[in-house]
Amino acid sequence: MAELDPFGAPAGGPALGNGVAGAGEEDPAAAFLAQQESEIAGIENDEAFAILDGGAPGPQAHGEPPGGPDANSRKQEAEWKEKAIKELEEWYARQDEQLQKTKANNRAAEEAFVNDIDESSPGTEWERVARLCDFNPKSSKQAKDVSRMRSVLISLKQAPLVH
């Protein structure tokens with residue numbers, strides 16, 4: 001009696017998907033893989049890659065003349081490159097100018113903030129708190145009702161507590 005492997009195929013040879021040993025038949029998956037490998041090899045050997053790698057150009061694709069791009073298209077490409085370089089330099093100049101303005105504004109705001117923190121005269125505590133709060137009820141986009149807190153802060157600003 002022939003021995004069986006754990007999946008029920010005879011031990012005598014490879015089995016195809018239908019359980020019959022195939023002496024002359026080819027596995028469809030292997031055929032598909034071989035076809036894909038041959039197509040990939042054809043793509044890798046394409047002359048376009050040889051041109052990019054510095055090889056000699058073969059016949060031109062897309063109906064271009066064998067001499068390559070004409071002088072007019074080379075001139076136009078050179079103009080586009082010059083224009084792109086010029087625009088890029090202008091963009092970098094504008095970006096640098098904007099960065100310098102932002103740095104100056106941030107330094108001025110930081111200096112004003114530090115000066116404001118350093119001044120602590122008695123009785124101005126609620127004034128400083130009031131500057132940090134938004135007292136416009138319509139501009140507040142909060143989900144919670146903070147009207148009572150707002151009214152308490154306004155009343156403390158107008159008549160501070162006496163110690």
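Me: Before we start, what does accessible area rest on here?
Reply: Accessible areas come from the Shrake-Rupley method with a 1.4 Å probe. The structure is a predicted model. On that basis, the accessible surface of the protein chain is about 14,600 Å².

Me: What share of that surface belongs to carbon and sulfur atoms?
Reply: Carbon and sulfur atoms hold 57% of the accessible surface of the protein chain.

Me: And how much of the chain counts as buried?
Reply: Of its 163 residues, 4% count as buried.

Me: Which secondary structure elements are there?
Reply: The protein chain has five helices and zero strands. Read from the N terminus, the order of elements is α-α-α-α-α.

Me: What about contacts between residues 24 or more positions apart?
Reply: Such pairs make up 20% of the contacts in the protein chain that have a separation of 6 or more.

Me: Changing topic, how many salt bridges does a search of the whole structure find?
Reply: The search finds two salt bridges. One of them joins glutamate 77 to lysine 81, with the closest N and O atoms 3.5 Å apart.

Me: Where do glutamate 77 and lysine 81 sit relative to each other?
Reply: Both belong to helix H3, which covers residues 71-118. Because they are four residues apart in this helix, about one helical turn separates them.

Me: Is lysine 81 buried or exposed?
Reply: Lysine 81 counts as exposed, because its relative accessibility is 51% and the cut-off for exposed is over 50%.

Me: Which side chains meet in a salt bridge with lysine 101?
Reply: The side chain of glutamate 97 meets that of lysine 101, at 3.5 Å from N to O. These two residues are also in helix H3, four residues apart, so they are separated by about one helical turn.

Me: How accessible are lysine 101 and glutamate 97?
Reply: Lysine 101 has a relative accessible area of 45% and is partly exposed. Glutamate 97 is likewise partly exposed, at 46%.

Me: Now the nonpolar side of things: which residues form a nonpolar patch on the surface?
Reply: Leu88, Trp91 and Tyr92 form such a patch, and together they have about 330 Å² of accessible area.

Me: Where is leucine 88 found?
Reply: Leucine 88 lies in helix H3. With a relative accessible area of 44%, leucine 88 is partly exposed.

Terms used: Residues are numbered from 1 along each chain as its sequence is written. This is a predicted model: local features need pLDDT of at least 70, side-chain atom pairs count only at pLDDT 80 or more; totals for chains, interfaces and linings use all residues. Side-chain values use heavy atoms; hydrogens and water are left out. A salt bridge is a side-chain nitrogen of Lys or Arg within 4 Å of a carboxyl oxygen of Asp or Glu. Buried means under 20% relative accessible area, exposed over 50%, partly exposed in between (1.4 Å probe, protein chains only). Contact means heavy atoms within 4.5 Å. Patches are made of residues with over 30% relative accessible area and no salt bridge: like charges are joined within 9 Å, nonpolar side chains (Val, Leu, Ile, Met, Phe, Trp, Tyr) within 5 Å.
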